[in-house]
Amino acid sequence: MTHDELIGKVGALNVWKRGDQRAPHKPLLLLLALGRLQQQERRLMPYAEVDPALRELLIEFGPPRRSIHPEYPFWRLQNDGLWMLAETEGLRRRRSNTDPTRRTLLDNEVAGGFPEPVYDLLRREPALIERIAYLVLHEHFPASMHQDLLDAVGLSLDTRQTTRRKRDTDFRGRVLRAYAFRCAVCGFDLRIDNRTIGLEAAHVKWHQAGGPDVEANGIALCTMHHKLLDRGAFRITPAYRLLVSERVHGTGGLDEWLLRYHGTPVQQPQRTSYHLEPAFLSWHVREVFKGPERAAALP
Ligand SMILES: [Zn+2]
């Protein structure tokens, strides 16, 4: 298996289609498997492990459906040359297009994963994992979902790191919890059922710059405030006050998203040990914030 062959197979992924309905099953299984591979996990995953993980992904990133079928791609991705199942005695071989049921996969403890040539190639060349993941994301999901997807499967597409640090996939959960699942700036905490939406764990010191995945470097922000923080539109002082850059201007949204918070307190985390470390805040001021800040807010 060569690079080009593998990329060709991923590009040609045969996704079930009906009109413009979405079927992200195979892409999500691929991303899940790539995440596991990047975390040095073994090649074959038991279906019993894949089922709940892929179900979660399908619920969160897939289209709304009455029934969720993680078993479909686990079987059908074999046809794309990107997947194989370990032989098990009890699994009835299906020659027609009748898939084995979820129950059959579970009862027979079927395991699946990348075929060995694919696995070996990806293990030898970790950069190819990122390329494949990017291709899958780019092909199947809008950009606004990419980071959420990567976080969900524990994949890092950080190409600038020479030695990959194992990313703490739990970072998001810990940071959101530290801030009680609300944007620390505006209090945004929208949910669909019990899932937060548009709420993110922002690194104050960017991951790309070596910022660690710890609470002291993370803050819960809504998508907009995350973006504005990363673009340097505002900064947070060690005393947890928000200061807006003098360089930010506009008419629609400026006041609602920024100026009304200028000079006001940002919500603090639930424990003092979670407080943002001043060193990370000052990195942000140095490397990101579009200073100087505006004059102090009017009382
Ligand atoms: Zn916000």
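H2 and H7 cross in a left-handed manner, meaning that the near helix is turned anticlockwise from the far one by less than a right angle; clockwise would be right-handed. The model is a predicted one: local features need pLDDT of at least 70 and side-chain atom pairs count only at pLDDT 80 or more, while totals for chains, interfaces and linings use all residues. Residues are numbered from 1 along each chain as its sequence is written.

The two helices, H2 and H7, pack at an angle of about 160°, their axes being 10 Å apart. H2 is therefore roughly antiparallel to H7, a term for angles over 145 degrees.

Which residues of H2 and H7 make the contact? From H2 come Pro 27, Leu 30, Leu 31, Leu 34, Leu 37 and Gln 38, and from H7 Pro 126, Ile 129, Ile 132, Ala 133, Val 136 and His 140; contact requires C-beta atoms, placed from the backbone, within 7 Å. Of these residues, 10 are nonpolar, two are polar and none is charged.

I turn now to the largest nonpolar core, which has 37 residues. Such a core joins buried Ala, Val, Leu, Ile, Met, Phe, Trp, Tyr and Cys residues through C-beta atoms within 7 Å, buried meaning 20 or more other C-beta atoms within 10 Å. Leu 29, Leu 31, Leu 32, Leu 34 and Ala 133 touch the most other members. H2 contributes the most to this core, with eight residues.

Beyond its neighbours within four places in sequence, Leu 29 is in contact with Leu 54, Pro 73, Phe 74 and Leu 77.

Note on methods. A residue is buried if 20 or more other C-beta atoms lie within 10 Å of its own, exposed if 12 or fewer, and partly exposed in between; C-beta atoms are placed from the backbone. Helices (H or I, at least four residues) and strands (E, at least two) are DSSP runs, numbered from the N terminus. Two residues are in contact if their C-beta atoms, placed from the backbone, lie within 7 Å. Axes are lines fitted to C-alpha atoms, for helices over the stretch in contact, and angles run from 0 to 180 degrees between N-to-C directions. Angles under 35 degrees count as roughly parallel, over 145 as roughly antiparallel, 65 to 115 as roughly perpendicular and the rest as oblique. Ala, Val, Leu, Ile, Met, Phe, Trp, Tyr, Cys and Pro count as nonpolar, Asp, Glu, Lys and Arg as charged, and the others, Gly among them, as polar.
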